[in-house]
Amino acid sequence: MTTTACPTGKYQVNVEKVELAEAHTSGNPMLKWTLRVIAPQHVNRLMWRNSVITQKTLKYLKGDLHICGLDLERLSELPNHLRCLLDVKLEVTKKTKGDNENIFFNRRIDNDRAPGSFRREAGDALVPF
């Protein structure tokens with residue numbers, strides 16, 4: 001496996017690892033994603049995405065979680081449900097501008113679980129449907 005970065009483009013990836021951490025510069029909570037490319041090119045290369053959680057970025061994080069099939073009433077429930085994000089297959093777009101790289105979640109590409117399949121209703125336990 002090579003460590004060369006993937007160029008700008010669309011990729012199919014598998015969510016290999018997700019963890020909560022703290023951003024070094026701001027101290028804000030952050031979701032760290034490790035994504036393994038499964039198609040169409042650069043198979044087995046890794047991509048990383050850090051989603052720093054602030055009031056301004058909360059709607060984007062919730063959108064990413066929804067694409068992955070995880071809808072939560074409260075973000076405080078996220079630590080207990082990180083495992084629901086593992087092995088989710090996504091189509092992503094990687095954009096590079098100068099030294100900055102961004103990875104955007106486009107859509108879920110597997111049909112094992114439909115988006116929203118881990119939806120929590122008020123007063124209900126989180127269960128897959």
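Valine 92 stands opposite phenylalanine 105 of strand β6. The strands β5 and β6 pair in the antiparallel sense over 8 bridges; two strands count as paired if DSSP finds at least two bridges between them. Strands here are DSSP runs (E, at least two residues), helices are runs of H or I with at least four residues, and both are numbered from the N terminus.

A word on the model itself: it is predicted, with local features needing pLDDT of at least 70, side-chain atom pairs counting only at pLDDT 80 or more, and totals for chains, interfaces and linings using all residues. Residues are numbered from 1 along each chain as its sequence is written, and side-chain values use heavy atoms, with hydrogens and water left out.

Now for the sheet. It is open, has 5 strands in the order β3-β2-β1-β5-β6, and its pairing is antiparallel. At the edges sit β3 and β6, each pairing on one side only. From one strand to the next the twist averages 40°. Along the sequence, the protein chain reads β-β-β-α-β-β-β-β.

Helix α1 lies across β2, β3, β5 and β6 and runs at about 45° to β6. That angle is taken between N-to-C directions, on a scale from 0 to 180 degrees, with axes fitted to C-alpha atoms (for helices, over the stretch in contact). The buried residues of α1 (residues 58–67) are Leu58, Leu61, Asp64, Leu65 and Ile67. Buried means under 20% relative accessible area, with a 1.4 Å probe and protein chains only. Just after α1, glycine 69 takes a positive phi of about 95°.

| Element | Residues |
|---|---|
| β2 | 29–39 |
| β3 | 46–52 |
| β4 | 70–71 |
| β5 | 89–97 |
| β6 | 100–108 |

The largest nonpolar core has 27 residues, and Trp33 and Leu90 touch the most other members. Two or more residues each come from β1 (9–22), β2, α1, β5 and β6. Such a core is a set of buried Ala, Val, Leu, Ile, Met, Phe, Trp, Tyr and Cys residues joined through side-chain atoms within 4.5 Å. Beyond its neighbours within four places in sequence, tryptophan 33 is in contact with residues including Met47, Trp48, Leu65 and Phe105; contact means heavy atoms within 4.5 Å.

Strand β5 also holds glutamate 91. Glutamate 91 counts as buried because its relative accessible area is 15%. Not counting residues up to four places away in sequence, glutamate 91 touches Lys10, Tyr11, Gln12, Phe104, Phe105, Asn106, Arg107 and Ile109.

How values were computed: Buried means under 20% relative accessible area, exposed over 50%, partly exposed in between (1.4 Å probe, protein chains only).
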